[in-house]
Amino acid sequence: MSLKIYRRDGGKIWHYRGSVNGQRLRGSTSTTDKTKAKRKVSKIEEDTWKSDIDGPQTTLTFAQAAFLYRQAEKSDRFLEPIEDYWRDTPVKTITDGAIRQSSVSLYPNVAAATRNRQVIVPTQAIINHAASMNLCTRITVPRFKIEKKEKAPATWPWVSAFMDHSSAHLGALCCFMFLTAARISEALDLRWKDIDFEDNTALIRETKVAKERIAHLPPVLVAAIADIQGDREPDEKVFKYSSRDTAKPQWRKVIKRAGIKYLSYHSCRHGFATSLLHKGIDPITVARLGGWEDATHVLKTYGHAMQDNTLANIIVGDAPKPAAASDTNLIALEKLARN
């Protein structure tokens, strides 16, 4: 099958797709002129056949590499702007500096983390996927430096105040995220069939790492969920919000009504880890309970210092030892900190 040209719905630019010499190709001709588009596609076909003689590294384009990446069923999130940027640029001419510059051109007014996530990571992934097929050379792109800000964690008093001023549904959602460390996307995907009221557990599908875990439901959370149960079908969502954006206006109103500090959804997951660490639970256990793969990450990200300036009294035994300072857990924390 040779390459065919087509337009996307509502679009004016001609694109192409098809198979040449056993290779599946797809990309943009970057023109609205049909005649020019056909000539360009003809040249692409010629170059593809020529690559069989000269080697794929000579003619592999970014559009071809991106097509192979999609064909392998890799994540297509953020890909379209990148594909439109590079189009038929030969992969061999794309440098790490050019990729960094592309992120600035595509997203001029965003934070470094966004450029890393939405441009550098997927662009590098596309090229390195082609490299794994011996079609080009691997590339490593330095990330933009990110200014790390200490995340404010939710606390149980904060969650309690939130629940006191919110609807039963939103209050239960907040409580669920805080007491299970569920991300907002994971909480909103929870179904009634995922909850076991006999064992007080919930099945959480961890979208970020494509895994599942069983979370314990403390009595206060069981009560909050039971309060919104009613007559629900097993496949029906526990929380009525269709997306995080649907819940956000109400989330803000509750915080304002309660007179508490604004915290994001993720602050609840953050608070789960911070609260347990301050109660003396070791990072390895916290990571297991909350679905983190790396205990060191838990310690570095969520191990905020306690704000009691009198804790030095513990050294000489002048004050009762708080729960957060058990000998076993201090040893675990110190070992992870040294590593």
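Three elements, in the order S4-S5-S6, make up an open sheet of 3 strands with antiparallel pairing; strands pair if DSSP finds at least two bridges between them. Helices (H or I, at least four residues) and strands (E, at least two) are DSSP runs, numbered from the N terminus. Strand S4 (195-196) and strand S6 (211-216) are the edge strands, each with a single partner, so one side of each has no neighbour in the sheet. Strand S5 (residues 201-206) pairs with S6 in the antiparallel sense over 6 bridges. One of the residues involved is Ala 202, whose bridge partner in S6 is Ala 215. Helix H8 (residues 168-180) packs on this sheet, where it touches S5 and S6, and its direction makes about 100° with that of S6.

The model is predicted: local features need pLDDT of at least 70, side-chain atom pairs count only at pLDDT 80 or more, and totals for chains, interfaces and linings use all residues. Residues are numbered from 1 along each chain as its sequence is written, and side-chain values use heavy atoms, with hydrogens and water left out.

Elsewhere, helix H7 (residues 156-164) packs with helix H11 (residues 244-258) at an angle of about 105°, their axes 9 Å apart. Axes are lines fitted to C-alpha atoms, for helices over the stretch in contact, and angles run from 0 to 180 degrees between N-to-C directions. H7 and H11 are therefore roughly perpendicular to each other (angles under 35 degrees count as roughly parallel, over 145 as roughly antiparallel, 65 to 115 as roughly perpendicular and the rest as oblique). From H7, Trp 158, Ala 161 and Phe 162 meet Trp 251, Val 254, Ile 255 and Ala 258 of H11, where contact means heavy atoms within 4.5 Å.

Cys 174 is buried, with a relative accessible area of 0%, and Cys 268 is buried at 1% (buried means under 20% relative accessible area, exposed over 50%, partly exposed in between, with a 1.4 Å probe and protein chains only).

The protein chain contains 16 helices and 6 strands. Of its 339 residues, 42% are buried.
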